[in-house]
Amino acid sequence: ADDVNAGHGSGYVGSPVVECVGGQEISDMKELVECLQNEVREKEFVEMDFRMAVGPYSMVLKSSEVAEADVRIRELYQLPSLASRNLLPEPIPAIPPALGVATG
């Protein structure tokens with residue numbers, strides 16, 4: 001959906017299952033959101049390991065690009081958030097008007 005994750009689409013129905021983020025096993029969605037936020041804040045790169053029907057798969061994202069990509073993706077799909085509010089320990093920044101669709 002964005003340049004930050006270009007080339008990492010699942011490409012088929014039956015998307016990959018996240019197993020680990022930054023080496024930490026993920027057991028539920030809340031843990032996934034918290035771990036991703038921590039990794040983006042604390043590390044230069046975020047590594048995610050997936051289980052797929054064809055075998056294991058890893059993705060590495062540059063942390064410095066994630067926040068801006070989140071805004072672009074939220075804007076593209078007109079989403080108030082990329083996760084349910086009950087999963088977010090931190091407030092969601094508003095989409096800057098400069099990136100948004102023309103108003104008025």
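Is Arg-51 buried, partly exposed or exposed? Select it: Arg-51 is partly exposed, because its relative accessibility is 46%, and the cut-offs are under 20% for buried, over 50% for exposed and partly exposed in between (1.4 Å probe, protein chains only).

A quick note before moving on. This is a predicted model, where local features need pLDDT of at least 70 and side-chain atom pairs count only at pLDDT 80 or more, while totals for chains, interfaces and linings use all residues. Residues are numbered from 1 along each chain as its sequence is written, and side-chain values use heavy atoms, with hydrogens and water left out.

**Stop 1**

Helices (H or I, at least four residues) and strands (E, at least two) are DSSP runs, numbered from the N terminus. Glu-19 is partly exposed too, at 33%.

Now show S4 (residues 55-62), which pairs with S3 in the antiparallel sense over eight bridges; strands count as paired if DSSP finds at least two bridges between them. A hairpin of two residues joins S3 to S4.

**Stop 2: along the helix**

How many salt bridges does a search of the whole structure find? Three. For another one, pick Lys-30 and Glu-34, whose closest N and O atoms are 3.5 Å apart. Both lie in helix H1 (residues 29-42), four residues apart, or about one turn of the helix.

Next, select Lys-43 and Glu-39, a salt bridge with a 3.4 Å gap between the closest N and O atoms. Lys-43 is partly exposed at 40%, whereas Glu-39 is buried at 9%.

**Stop 3: a nonpolar patch**

Finally, select Leu-76, Tyr-77, Leu-79 and Leu-82, a nonpolar surface patch with about 380 Å² of accessible area together. Patches take residues with over 30% relative accessible area and no salt bridge, joining like charges within 9 Å and nonpolar side chains (Val, Leu, Ile, Met, Phe, Trp, Tyr) within 5 Å. The areas come from the Shrake-Rupley method with a 1.4 Å probe; for residues, only the protein chains shown count as cover. Leu-76 belongs to helix H2 (residues 63-76) and is exposed at 53%.

How values were computed: Salt bridge = Lys/Arg side-chain N within 4 Å of Asp/Glu carboxyl O.
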